[in-house]
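I opened this model to look up a few side-chain contacts, a pocket and a surface patch. My notes follow in the order I made them.

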Amino acid sequence: MKILVTGAAGFLGKNLVYNLKNSRYEDIFEYTLDSTDEDLKKYTSECDFVFHLAGVNRPKDPKEFMEGNSDLTRKILSFLRASGNRAPVLLSSSIQAGLNNDYGRSKRAAEEAVFEYGREEDVPVYVYRFPNLFGKWSMPNYNTVIATFCHNIARNLPIRIDDREKVISLAYVDDVIDQFLRILKTGIRIPPGEFVTFPPNLIYERKLGFIAERIESFRRSRENLMIPDMGDEFETKLYSTYLSFLPENDFSYPLKANRDERGSFTEFLKTPERGQVSINVSHPGITKGQHWHNSKNEKFLVVKGKAAINFRKIGCEEVVTYHVSDEKPEVVDIPTGYTHNIVNEGDTDLITVMWANEIFDPDRPDTFREDV
């Protein structure tokens, strides 16, 4: 299957092209600003599907709106007609097509041209009116306010918000690509003249102030180790977008290792809903722990070395021992009401990943000293 993607080097086009390749589509005609009319004639004569994503939204001269949106669309359709190619056409438009400004009129004219073409040629056409899109590979100060916020905040640069209460509609680029691929693979037909409805549950209405605060919290997470709420779809997608804007010399960040003669203990991740993860290092022969909890519970996973994890129920004398090592990865639950310790039984450092169901609170540590 040969697929034409206009605007292939842009934000949406680049995401589509690489995900087409991920889906094993190999014959992709990439129409960009460097392409010629001769390239476009060739592509439109041979393609089996057209993703028309190219457009102009921030020109130097307002007349470029019509040239880059309506005129280019009509040129593509005329080339398809001239070659007798009845390939389906998908147009990426904007909710701003409903506005009476230069950009909106140019997008609306492109929509009308595609609808007219579909009716006259009896060809499947798909017209989307997208809200603001966000995601990886977007361009700050061009594609979306989220790109600008992410770029600036990741670099400790100021951002400008004129109205923190302003609500904007957003859709995530990966969700858009999923919709495109579904249409490509299924060949769903849309009644003539109707827009394709983007799933309402994948459109997010958020205030600008809220978006800025969340992105600021992502930057702070490198200091307080708090991971965003991954149970929130929008926050998860926003965080992925933020990470894509990190400067390439700033992918890593330091952690504080609490060291003593026994080894070290380093907090790694924290979440308000699911506790925290830490890395514990014990030197040979060292015993750590020797305490119990009322409600706090933990999980231990030895990833290097071998250890004995010992338990004794409070008020009892019997000791229960689990011998674990990196040769057979297994998780050991640390039940409440049992004093416990971990002993390095090997000749090298013991490294253990430790999860606790709550973030450590020095005012309510729920940790009571008692030897096993």
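This is a predicted model: local features need pLDDT of at least 70, side-chain atom pairs count only at pLDDT 80 or more; totals for chains, interfaces and linings use all residues.

I looked up the total and found 24 salt bridges in the structure. I then went through some of the pairs.

I took Lys237 and Asp175, whose closest N and O atoms are 2.7 Å apart. Lys237 belongs to helix α8 and Asp175 to helix α6 (residues 173-186), so this pair ties together parts that are 62 residues apart in sequence. I checked the accessibility of both ends. Lys237 has 11% relative accessibility and counts as buried. Asp175 is also buried, because its relative accessible area is 11% and the cut-off for buried is under 20%.

Next I took the salt bridge of Lys299 with Asp333, where the closest N and O atoms are 2.7 Å apart. Here the partners sit in strands: Lys299 in β13 and Asp333 in β16 (residues 331-334), so the pair ties together parts that are 34 residues apart in sequence. Lys299 is partly exposed at 34%, and Asp333 is partly exposed at 45% relative accessibility. I also noted a network in which salt bridges with shared partners join Glu213, Arg214, Arg220 and Glu235.

The last pair I looked up was Glu30 with Lys21, with 3.8 Å between the closest N and O atoms. Glu30 counts as partly exposed at 33% relative accessibility. Lys21 is partly exposed as well, with a relative accessible area of 38%.

I read off a volume of about 600 Å³ for the second largest pocket. Which residues lie nearest its centre? Of the 25 residues in the lining, they are Phe265, His291, Glu298, Met354 and Thr367. By residue class, I recorded seven nonpolar, 11 polar and seven charged residues in the lining.

I found a nonpolar patch on the surface formed by Tyr253, Leu255 and Phe268, which together have about 250 Å² of accessible area. I looked up where Leu255 lies: in the loop between α8 (233-243) and β9 (257-260). With 37% relative accessibility, Leu255 counts as partly exposed.

Technical notes. Residues are numbered from 1 along each chain as its sequence is written. Side-chain values use heavy atoms; hydrogens and water are left out. Patches are made of residues with over 30% relative accessible area and no salt bridge: like charges are joined within 9 Å, nonpolar side chains (Val, Leu, Ile, Met, Phe, Trp, Tyr) within 5 Å. Accessible areas come from the Shrake-Rupley method with a 1.4 Å probe; for residues, only the protein chains shown count as cover. A salt bridge is a side-chain nitrogen of Lys or Arg within 4 Å of a carboxyl oxygen of Asp or Glu. Helices (H or I, at least four residues) and strands (E, at least two) are DSSP runs, numbered from the N terminus. Buried means under 20% relative accessible area, exposed over 50%, partly exposed in between (1.4 Å probe, protein chains only). On a 1 Å grid over the protein atoms alone, a cavity is a set of points where a 1.4 Å probe fits but cannot get out, and a pocket is an open set with protein on both sides within 12 Å along at least five of seven lines; lining residues have an atom within 4 Å of a point. Grid points are joined across faces, edges and corners, and a volume is the space filled by probe spheres set on the points. Ala, Val, Leu, Ile, Met, Phe, Trp, Tyr, Cys and Pro count as nonpolar, Asp, Glu, Lys and Arg as charged, and the others, Gly among them, as polar.
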